[in-house]
Amino acid sequence: MIQIIKVSRRDFLKTTSIIGGGLVLGLAMPIRNSVGQATGQQGGGMATLNAFVHVGTDETVTIIVNHSEMGQGVYTSLPMLVAEELECDWTKIAVQAAPVDPAYNHPQWGIQGTGGSTSVSSEWERLRKVGASAREMLIAAAADTWQVDKASCRADNGKVIHSSGKSLTYGQLAEKAANMPVPQDVQLKDPSKFRIIGQPVRRLDTPGKTNGTAVFGLDVTIPGMLIAVVARPPVFGAKVVKVNSDAAKAVPGVKDVVQLPFGVAVLATGFWPAKVGRDALEIVWDEGPNATLSTEGMREQYAKLAQTQGAVARKNGDPLQALPSAAKQISAEYEVPYLAHATMEPLNCVVDLRADSCEIWTGTQFQTADRNASAQVAGLRPEQVKIHTTLLGGGFGRRANPQSDFVVQAVHVAKAAKAPVKVIWTREDDMKGGWYRPMWYDRIAAGLDANGNPIAWSHTIVGQSIITGSPFEEAMLKDGVDVTSVEGAADIPYKIPNILIDLHSPKIGVPVQWWRSVGHSHTAFVVESFMDELAQAAGSDPYEFRLKLLANHPRHKAVLELAAQMAGWGSPLTEGRGRGIALHKSFNSFIAQVAEVSVTRSGDVRVHRVVAAVDCGMVVNPNTVAAQMESGIIFGLTAALHGAITLKDGRVQQSSFNNYPLVTMQETPNVEVHIVPSKEPPTGVGEPGVPPIAPAVANAVFAITGVRIRRLPIRPEDLKKA
């Protein structure tokens with residue numbers, strides 16, 4: 001149960017930078033989540049204090065946002081939830097990033113963090129309650145001032161208005177409202193009365209990003225700060241044997257060279273001398289057991305594993321018995337590579353480490369884990385570590401590292417340097433020595449009866465576990481199955497009586513973590529591509545084939561129908577183009593996409609148009625939903641057409657955008673987004689746009705060339721013959 005409480009101004013000012021008087025409201029909520037306990041949070045039903053809204057005497061309403069803004073629009077969508085119930089003037093809204101504190105924990109995770117497309121869905125109720133409570137306290141303050149019944153007063157656009165017509169502004173009432181009792185059972189507005197939620201509100205973070213006042217991690221400078229660039233192992237797990245730093249120390253501007261558990265850092269007065277100094281280091285490495293790792297070797301290992309049954313993630317009926325008896329059987333192997341996050345803003349972290357405190361400035365998705373890990377390295381208590389969350393120049397999961405790698409490394413550097421530091425990763429540093437979306441190998445087989453109906457489905461998945469060895473293992477690894485490895489495969493909605501989904505999680509010395517849409521990023525490609533193969537084997541239209549298997553899933557069916565209708569499925573196409581369709585549910589949202597493509601004689605794929613239909617429950621800001629679908633489609637298209645991290649002799653072969661290209665503006669298709677009206681609570685939109693685009697494009701390529709794409713990225717050499 002969430003309980004609304006008041007926060008003392010003293011406590012509020014201790015954790016935020018807001019000054020001035022007014023009304024401060026917070027929440028008390030129990031922490032019982034196993035993830036929170038696993039990461040060192042105190043639990044056991046302890047109530048924690050929180051503060052999300054400040055109504056100032058200057059009329060400004062400041063919303064403290066506990067989710068990181070990385071381009072997904074939470075600095076607008078979350079304040080909309082408060083403002084709707086508070087009945088405040090939207091033009092008076094200000095936003096501030098929450099400090100790291102258990103009070104700002106994710107209501108479902110029990111730790112402070114941003115990810116899983118959960119920001120709006122997780123805060124849907126509690127932020128509206130904060131707004132509604134503040135509204136009631138302001139009304140109570142006005143009624144007490146006028147000595148009238150509260151029922152004769154109403155709140156509207158930043159004022160409390162009496163039935164007689166007199167009014168007081170929120171700023172005039174804030175101080176008195178702070179002394180009013182907190183209502184415990186506030187009535188939330190009926191959605192039919194919403195005036196902000198559901199409207200296409202312009203984003204509050206856009207002005208700062210266009211006039212240059214927005215602060216990203218790279219913008220942070222503190223007095224006495226040195227810049228550090230680190231020489232990291234050329235092979236994962238390699239150790240430093242010997243260092244000659246004479247040439248590095250001779251570079252003008254270089255102040256020091258320090259050896260660390262994970263490499264060697266060069267400290268300088270600026271980035272360039274630090275980088276030149278780093279490049280001048282002479283280091284002898286013990287490359288260790290991963291020196292022979294190669295993509296081809298792993299591929300052979302995965303293919304062998306796929307011939308055997310792994311840990312069972314789902315079993316319905318007896319597919320191994322039903323498959324041989326099918327009138328028609330088909331099978332296929334699919335492959336997808338490691339992928340980098342390739343954020344536009346390279347990783348960076350500023351640390352000011354003192355004897356009794358540690359202050360950190362960075363763009364992070366995982367404040368609680370970062371604080372706890374930093375405290376351990378610094379030899380401090382977690383409450384002695386303060387994190388300032390800046391804007392993120394792209395996250396995609398990279399800045400939610402379970403081991404807090406880039407933050408912990410920065411604390412190590414500051415500790416060795418005995419000075420404030422900003423550690424900057426070059427793009428090459430992260431691409432060659434970062435953390436990746438796992439490489440996957442899938443073997444899938446199915447059987448049709450004499451009428452073309454699927455009767456058996458068997459899907460074996462091989463790939464590294466993200467969860468194993470992380471603080472989330474206890475909560476997210478069940479009976480040998482990492483739930484993130486099989487999501488989107490173990491829950492396929494199609495009506496098939498016999499289903500087996502199993503998983504192998506080989507241990508490979510390549511660091512892996514979540515990448516935008518996590519397991520769905522590969523399972524959607526496999527499932528929806530093979531569903532097309534099954535439709536072809538049945539002699540059916542791919543859209544009609546899916547539709548008849550979704551009778552018990554109306555929300556899946558609705559987006560599929562809407563996407564097909566808006567794309568003109570079945571209507572004539574421009575000569576030389578083909579259409580492909582795909583459907584996927586992820587993060588509790590339902591998405592269908594239709595891609596329209598052509599293929600050149602040289603085998604290059606051009607995607608001309610993508611039509612997307614989305615059911616994400618009740619929409620808070622339709623602008624955000626459309627933007628997230630568009631960005632997800634472009635992000636997923638990059639992976640489908642270009643994305644691949646490969647290894648040879650233990651070394652990552654890609655280094656930057658020259659050999660790990662992104663989809664360019666010229667390659668970007670026209671994207672149309674259509675939203676299914678819904679009265680259900682909001683669900684995720686940050687990631688669900690990614691998974692369906694690869695299979696939609698691959699299925700369209702098949703429609704125009706007859707070549708089935710079973711390996712990503714799509715390679716021109718596979719299409720030249722078509």
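Predicted model: local features only at pLDDT ≥ 70, side-chain atom pairs only at ≥ 80, totals over all residues.
Colleague: What is the average pLDDT of the protein chain, and how do I read it?

Modeller: The general idea is that pLDDT gives the predictor's confidence in each residue, from 0 to 100. Here the protein chain averages a pLDDT of 92, and 93% of the residues score at least 70. The pLDDT is below 50 over residues 26-50, a stretch that has 78 contacts in the model beyond near neighbours in sequence; contact means heavy atoms within 4.5 Å.

Colleague: How many disulfides does a search of the whole structure find?

Modeller: A disulfide is a pair of cysteine sulfur atoms within 2.5 Å. The search of the whole structure finds zero.

Colleague: How do I describe two packed helices?

Modeller: Two packed helices are described by the angle between their axes and the distance between the axes. Axes are lines fitted to C-alpha atoms, for helices over the stretch in contact, and angles run from 0 to 180 degrees between N-to-C directions. As for the labels, helices (H or I, at least four residues) and strands (E, at least two) are DSSP runs, numbered from the N terminus. In this model, helix H3 (residues 74-86) packs with helix H5 (residues 126-146) at an angle of about 30°, and their axes are 7 Å apart.

Colleague: Which residues make the contact of H3 with H5?

Modeller: On H3 they are Leu-78, Leu-81, Val-82, Glu-85 and Leu-86, and on H5 they are Leu-127, Arg-128, Gly-131, Ala-132, Ala-134, Arg-135 and Leu-138. By class, this contact has eight nonpolar, one polar and three charged residues. Ala, Val, Leu, Ile, Met, Phe, Trp, Tyr, Cys and Pro count as nonpolar, Asp, Glu, Lys and Arg as charged, and the others, Gly among them, as polar.

Colleague: What does Arg-128 touch?

Modeller: Arg-128 sits in helix H5 and is buried, with a relative accessible area of 7%. Not counting residues up to four places away in sequence, Arg-128 touches Leu-81, Glu-85, Glu-123, Leu-188, Lys-189, Phe-194 and Ile-197.

Colleague: Where is Val-614, and what is in contact with it?

Modeller: Val-614 belongs to strand E28 (residues 605-615) and is buried, at 1% relative accessible area. Leaving aside neighbours within four places in sequence, its contacts include Val-559, Phe-590, Met-629 and Val-676. Val-614 and Val-676 are 62 residues apart along the chain, while their C-alpha atoms are separated by 6.0 Å.

Colleague: Where is Ile-283?

Modeller: Ile-283 lies in strand E14 (residues 282-286). Apart from residues up to four places away in sequence, Ile-283 touches Ala-231, Val-240, Lys-242, Val-243 and Val-264. The C-alpha atoms of Ile-283 and Cys-349, 66 residues apart along the chain, are separated by 24 Å.

Colleague: Which residues other than glycine have a positive phi?

Modeller: Glu-87 is one of them, with phi near 60°. Glu-87 is in the loop between H3 and strand E6 (93-97) and counts as buried at 12% relative accessibility. Ser-404 has a positive phi of about 55°. The loop between strand E19 (385-389) and helix H13 (405-417) holds Ser-404, which counts as buried at 1% relative accessibility.

Colleague: Which residues does a cis peptide bond join?

Modeller: The cis bond joins Leu-712 and Pro-713, with omega about -5°. Pro-713 is found in the loop between helix H21 (693-705) and helix H22 (716-719).

Methods. Residues numbered from 1 in each chain as written. Heavy atoms only, no water. Buried < 20%, exposed > 50% of the residue type's maximum accessible area, 1.4 Å probe, protein only.
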